[in-house]
Amino acid sequence: MLIETEPTPNPVTLKFLPGRKVMDSGTRDFASPEEAAASPLAEAIFNLGDVTGVFFGRDFVSVTVAPGTDWSDVKPDVLGILLDHFSAQMPLFRQGAADFSVPVEEESFTDDPEDADIVAQIRELIDTRVRPAVANDGGDIVYRGFDKGKVYLKMQGACAGCPSSSATLKNGIEQLLRHYVPEVTEVRAV
């Protein structure tokens with residue numbers, strides 16, 4: 001089994017491509033060792049010590065290390081863990097662990113029902129134009145809400161903490177949404 005790696009715009013994040021499906025649907029972001037307890041794979045990667053984030057996409061795993069960490073020290077260990085996991089066809093999640101992209105505690109934002117058409121347009125643009133582009137860079141952007149012209153998005157994987165994430169939000173996503181959905185006045189990360 002060959003696992004390819006790709007750099008991402010975020011210098012502390014690498015994208016690992018195992019050549020097979022990682023997630024059947026959605027994505028999953030682990031920002032701490034405690035969150036990683038839901039997945040034997042994420043937990044093993046966090047146990048390396050210098051890891052600050054693990055992200056599962058459809059066909060990739062992004063790993064973020066602490067600033068100042070030398071990827072040449074960590075990359076062989078991550079590759080070994082991924083190779084062992086996928087070769088043994090181990091489960092991605094522990095039994096009973098949620099494998100969806102948005103944790104339950106974050107689903108509390110309620111859109112105004114009068115904005116349903118606007119929200120549908122925003123969600124469609126994010127799902128068809130934004131998410132595929134950021135997945136190529138090892139991350140994901142998830143819709144969190146719309147309120148009085150402001151769109152709230154959560155950045156995950158390589159996108160979270162990326163030096164160019166604010167430019168991506170303002171110069172890319174905000175312009176796209178404002179062009180197609182005139183009711184959008186601003187895009188903010190949460």
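**Entry 1: strand β2 and its neighbours**

I began at Phe16, which stands opposite Val61 in β5. I note at the outset that I am reading a predicted model. Strand β5 covers residues 61-65, and I found that four bridges join it to β2, with the two strands running antiparallel.

I then turned to the other pairing of β2, where I found β1 (residues 4-7) in the antiparallel sense, over four bridges. Within that pairing I picked out Glu6, whose bridge partner in β2 is Lys15.

Next I asked myself how many of the five residues of β2 are buried. I counted five of the five in residues 13-17, so I describe the strand as largely enclosed by the rest of the structure. Going through the faces separately, I listed Thr13, Lys15 and Leu17 as buried on one side, and Leu14 and Phe16 as buried on the other, which leaves both faces of β2 covered.

I returned to Lys15 to see where its side chain goes, and I found its charged end over the ring of Phe60, 4.8 Å from the ring centre.

**Entry 2: aromatic pairs**

I looked up the aromatic pairs and found that the structure holds five of them. In one of these, the rings of Phe16 and Trp71 have their centres 6.1 Å apart and their planes at 55 degrees, so I wrote the pair down as tilted. Since Phe16 lies in strand β2 and Trp71 in helix α3 (residues 71-87), the pair ties together parts that are 55 residues apart in sequence. I checked the accessibility of both partners: Phe16 counts as buried because its relative accessibility is 0%, and Trp71 is likewise buried, with a relative accessible area of 12%, where the cut-off I needed for this call is under 20%.

I went on to Phe56 and Phe93, whose ring centres are 6.1 Å apart and whose planes stand at 75 degrees, so this pair is edge-to-face. Phe56 belongs to strand β4 (residues 51-56) and Phe93 to the loop between α3 and α4 (116-136), and so the pair ties together parts that are 37 residues apart in sequence. I noted that both of these phenylalanines, Phe56 and Phe93, are buried.

**Entry 3: the annotated span**

I consulted the UniProt record, an unreviewed entry, which places the feature "domain: Scaffold protein Nfu/NifU N-terminal" at residues 3-89. For that span I recorded 32% helix and 26% strand, with the end C-alpha atoms lying 14 Å apart.

**Entry 4: two positive phi values**

I came upon Gln89, which has a positive phi of about 55 degrees although it is not a glycine. I located Gln89 in the loop between α3 and α4, and I took it as exposed because its relative accessibility is 66%.

I found another case in Lys148, a residue other than glycine with a positive phi near 50 degrees. Lys148 is in the loop between β6 (139-147) and β7 (150-157). Was Lys148 buried or exposed? At 70% relative accessibility I counted Lys148 as exposed, the cut-off for that term being over 50%.

Methods
Residues numbered from 1 in each chain as written. Predicted model: local features only at pLDDT ≥ 70, side-chain atom pairs only at ≥ 80, totals over all residues. Heavy atoms only, no water. Buried < 20%, exposed > 50% of the residue type's maximum accessible area, 1.4 Å probe, protein only. Pairing = 2+ DSSP bridges. Phe/Tyr/Trp six-rings, centres within 6.5 Å; stacked < 30°, edge-to-face > 60°. Lys NZ or Arg CZ within 6 Å of the ring centre and 35° of its normal. UniProt positions renumbered as here; feature names shortened; annotations may be inferred.
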